[in-house]
Amino acid sequence: MSWGKLLEPDLFLGDSILSLTPEIVKEYDLKGLVLDVDETLVPLREIQVSEYLRQWVEQIRPVATLWLVSNNISEARIGGIARSLNLPYITGAAKPSRRKLRQAVTGMNLPVEKVAMVGDRLFTDVLAGNRLGMFTILVEPMVEPGEIMQTKHPVRSLEVWLSQILGASLAQKK
């Protein structure tokens, strides 16, 4: 598989994870979602989840099994977020490594092709999910209220630029 294809999400929402609805999950026949944490669910410096995210989890929970898988090694931060949402979690995933993603999918007891990797980064979340054969969903980073995404996320901008040079299409596929 080419680098372009490995960096290309199956679905680019063009908005935060809160726009991933139960209807979209059902449309793609997904039974599980592996969720990145930092900037996918909560802004980087936050330790608490928003009420909007809690409501989103409660809407998605009936249609898909949820696991958190984060590269962050902070047990206190990631574990606290996971416990507040009553979700299983894995820290120190080292994405784009597939090992911890495979562990989450195994814990869900679902076929890998029925599980989506949902994240805000191409070179970690999308690349890891595609390498494992998962459905991949790219979302916009969750930012602090009032923060402008484009000026605060130079790594994301660089990833998008590089992935397009390598042949990935990030056209919105919703």
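**Entry 1: the chain overall**

Among contacts in the protein chain between residues at least 6 apart in sequence, what percentage join residues at least 24 apart? I looked it up: 68% do, with contact meaning heavy atoms within 4.5 Å. I note that this is a predicted model, where local features need pLDDT of at least 70, side-chain atom pairs count only at pLDDT 80 or more, and totals for chains, interfaces and linings use all residues. Residues are numbered from 1 along each chain as its sequence is written, and side-chain values use heavy atoms, with hydrogens and water left out.

I listed 8 helices and 6 strands in the protein chain. These are DSSP runs numbered from the N terminus: helices are H or I of at least four residues, strands are E of at least two. Along the sequence I read α-β-α-β-α-β-α-β-α-β-α-β-α-α.

I then checked burial. Of the 174 residues in the protein chain, 51% are buried. Buried means under 20% relative accessible area, exposed over 50%, and partly exposed in between (1.4 Å probe, protein chains only). The protein chain exposes about 8,400 Å², and carbon and sulfur atoms supply 54% of that area. Accessible areas come from the Shrake-Rupley method with a 1.4 Å probe; for residues, only the protein chains shown count as cover.

**Entry 2: the sheet**

I traced an open sheet of 6 strands with parallel pairing, in the order E1-E6-E5-E2-E3-E4. Two strands pair if DSSP finds at least two bridges between them. At the edges I found E1 (11-12) and E4 (89-90), each pairing on one side only.

I looked at both ends. E1 and E6 pair in the parallel sense over 2 bridges, and Phe12 stands opposite Leu138 in E6.

Next I followed E5 and E6, which pair in the parallel sense over 4 bridges. Ala116 has Phe135 in E6 as its bridge partner. From E5 the chain crosses through helix H6 (residues 122-132) to E6, and this β-α-β crossover is right-handed. Right-handed means that, with the strands pointing away from the viewer, the path from the first strand over the helix to the second runs clockwise.

Is E6 covered on one face or both? I found both faces covered: Phe135 and Ile137 on one side, Thr136 and Leu138 on the other, all buried.

**Entry 3: the cores**

I looked up the largest nonpolar core and counted 31 residues. A nonpolar core is a set of buried Ala, Val, Leu, Ile, Met, Phe, Trp, Tyr and Cys residues joined through side-chain atoms within 4.5 Å. Ile17, Leu20, Leu33, Leu35, Trp56, Val118 and Ile137 touch the most other members. The elements giving two or more residues are H2 (22-27), E2, H3, E3, H4 (75-85), E5 and E6 (135-138).

I checked Trp56 by itself. Leaving out residues up to four places away in sequence, Trp56 touches Ile17, Leu18, Leu20, Leu33 and Leu35. Apart from this core lies another, of 14 residues, among them Val34, Trp67, Ala128 and Met134.

**Entry 4: two loop residues**

Thr40 is in the loop between E2 (32-35) and H3 (51-60). Thr40 counts as buried because its relative accessibility is 0%. Beyond four places in sequence, Thr40 touches Ile17, Val118, Gly119, Asp120, Asp125, Val139 and Met142.

Glu113 lies in the loop between H5 (99-108) and E5 (115-119). At 52% relative accessibility, Glu113 counts as exposed. I also noted Met134, which is 21 residues from Glu113 in sequence and 5.1 Å away in space, C-alpha to C-alpha.

**Entry 5: salt bridges**

How many salt bridges are there? I get 9, taking a side-chain nitrogen of Lys or Arg within 4 Å of a carboxyl oxygen of Asp or Glu.

Arg61 and Glu58 meet in one, at 3.0 Å, N to O. I also found Asp29, Lys31 and Lys114 joined into one network by salt bridges that share partners. The closest N and O atoms of Lys31 and Asp29 are 3.2 Å apart. For Asp29 and Lys114 they are 2.2 Å apart. Asp29 is partly exposed at 34%, Lys31 at 39% and Lys114 at 25%.
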